[in-house]
Amino acid sequence: MIKKIFRFLFKMLLWFFAISIGLVIVFKWVPVPITPLMVIRTVQQKINGEDIVWKHDWESIDNISKNLQLAVISSEDQDFLNHHGFDMEAIEKALEYNKKGRRTRGASTISQQTAKNVFLWPQRSWLRKGLEAYFTFLIELIWSKERIMEVYLNSIEMGKGIYGAEAAAQYWFKRPAANLRQEEAAAIAAILPNPLRYRANPATNYIQKRKNWIVRQMGYFGPLIYKKETIKDDKKNRKKSTN
């Protein structure tokens, strides 16, 4: 009996690893059509008797303004291009902060948020955090940073029933994600800690302060990030020319 239980659990684990790795490989190229959070929010709206709002339009990273890419890096994960999914320094600071008994502070990277948004549920638990670490490891191993950013910007919640950059740009500023200005991109990034509570437009005093801070950070990190991208492009061009 015990052997059968262990055999069953072993098979379940094998299936879990096979399916999870398979999904990560598929989503390396295929757009993510739906996430658990989208389903959960829709069910919540239905239960509460609210109008069903579900706006989600997938766009290639080439059709998403670099202003928005830079804004989310500046506000959510300034070490995104350097770490391998986990910002250990930010985690240590969050642990020290939380020990003081103040409001809980998180330290999730863009990679972790992407793993949670695409594969898991929003409620906090040790099980979810463990699975989040597992999926973060997988996407960092299999996807490029550009793909992680692309999936992140197409799946993250950016308002009530608003998912992804294109839907958010249209909803908040009546323009395509490709044409978002610096201030508009910063405003969207400013509401990400709680997109159901905050509004990108018109901005409250609190969001305006966050937006101004993000714009200043964009001014600092922008040249550094674009310089890295230029170096990568130069390396690619050199390889092509030598071949």
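Predicted model: local features only at pLDDT ≥ 70, side-chain atom pairs only at ≥ 80, totals over all residues.
## Helix packing and the nonpolar core

Helix 1 passes helix 6 in a right-handed crossing, and the residues that make the contact are set out below by helix.

| Helix | Residues in the contact |
|---|---|
| Helix 1 | F16, F17, S20, I21, V24 and I25 |
| Helix 6 | L131, Y134, F135, L138, I139 and I142 |

By class, the residues of this contact divide into 11 nonpolar, one polar and no charged.

Helix 8, residues 165-173, is largely enclosed by the rest of the structure, since seven of its nine residues are buried. The buried residues are A165, E166, A167, A168, A169, W172 and F173, and they pack against strand 1, helix 3, helix 7, strand 2, strand 3 and helix 9. Just after helix 8, K174 takes a positive phi of about 55°.

The largest nonpolar core holds 53 residues, of which L68, V72, F119, M149, L153 and I188 touch the most other members. Helix 3, helix 5, helix 6, helix 7, helix 8, helix 9 and helix 10 each supply at least two residues of this core. Leaving aside residues up to four places away in sequence, L153 touches I61, I64, L68, Q69, V72, M158, G164 and A165; among these, L68 and V72 are also listed with L153 as touching the most other core members, while A165 is one of the buried residues of helix 8.

Terms used. Residues numbered from 1 in each chain as written. Heavy atoms only, no water. Left-handed = near helix turned anticlockwise from the far one by under 90°. Helix = DSSP H or I, 4+ residues; strand = E, 2+ residues; numbered from the N terminus. Contact = heavy atoms within 4.5 Å. Nonpolar A, V, L, I, M, F, W, Y, C, P; charged D, E, K, R; others polar. Buried < 20%, exposed > 50% of the residue type's maximum accessible area, 1.4 Å probe, protein only. Core = buried A, V, L, I, M, F, W, Y, C linked by side-chain atoms within 4.5 Å.
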